[in-house]
Amino acid sequence: MTTLTQPQSIEKFLQAPETEPATEFLNGVTRQKPMPQGEHSLIQGAFCETLNQVLKPQKIALALPELCCTFGGSSIVPDIAVFRWDRIPRTASGRIINRFETYPDWAIEILSPNQSQIKVLGKFLHCIQHGTELGWLIDPTENAILAVFENQHVQLFQGSDVLPILKNIPLTLTVEQVFSWLIL
C-alpha cells in the first residue's frame, strides 16, 4: 500500500474521487491498495465464484470483490467482503445498495508482493473490533493463510489444514484447495 496524503477526516475521504486501484482510509491515513496481479486476481475470482455458487442460491451469504465498506470512522476495501444474507444492505425494493456503511462478516485479503502484513492485520483488527467475525490473510508466496478471529486470536493454516469458515456456512475448504486454484 502506498500512503497518499496526510491524515484527513472520513468525510473528506468519502468526497474524494475514486481511484484505481482502490484507496482506503484507516486510522486517519489514506493509502492506495497495490495493483492486483495474476495470483491475486485468480484467487479472488475463484473464491467469490466458489462461495457464491454454494451460498447465493440458498440466500445464506454473498461474496463481493473489492467492495468499499465504511464503518468505525474508516473506509476499507477488502479483496473479498462476505456478508451474511440478512446483513446485505438493500433499498426498500430489495435491490442491493451502492454504499455499504457497515462491516463485512468475513474480510479476506490476498497479500500482494511487497505488501505489509502488519498493515493488513491492522485492517483486520479494525474490522474485528467493529463486528467482523473472521478475517483471512492469504499469502500466495508462503502457501499459507492466517485467520483472525473475533477474539483477535490469530492462527496459521497450511497444507491440508481445514480452514475456519463463518458459522452456519455449509462449506469446507483446505489451504491446498485454495492454492490449487492457481494451477491452470
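The model is predicted, so local features need pLDDT of at least 70 and side-chain atom pairs count only at pLDDT 80 or more, while totals for chains, interfaces and linings use all residues. Residues are numbered from 1 along each chain as its sequence is written, and side-chain values use heavy atoms, leaving out hydrogens and water.

**Stop one: E9.** Select residues 134-139, strand E9, where 6 of 6 residues are buried (under 20% relative accessible area, with a 1.4 Å probe and protein chains only). Strands here are DSSP runs of at least two E residues, and helices are runs of at least four H or I, numbered from the N terminus. One side of E9 shows Leu134, Trp136 and Ile138, and the other Gly135, Leu137 and Asp139.

**Stop two: the neighbours.** Look for Ile110 with its bridge partner Ile138. Now select residues 144-149: this is E10, antiparallel to E9 with 6 bridges. Here Asp139 stands opposite Ala144, and in the hairpin Asn143 takes a positive phi near 50°.

**Stop three: the whole sheet.** Which order do the 6 strands take? Follow E4-E7-E8-E9-E10-E11, an open sheet with mixed pairing. Its edge strands are E4 (61-65) and E11 (154-158).

**Stop four: a helix.** Finish with residues 38-55, helix H2, which packs on the sheet and touches E4, E7, E8 and E9 (contact means heavy atoms within 4.5 Å).

How values were computed. Buried means under 20% relative accessible area, exposed over 50%, partly exposed in between (1.4 Å probe, protein chains only). Two strands pair if DSSP finds at least two bridges between them. Axes are lines fitted to C-alpha atoms, for helices over the stretch in contact, and angles run from 0 to 180 degrees between N-to-C directions.
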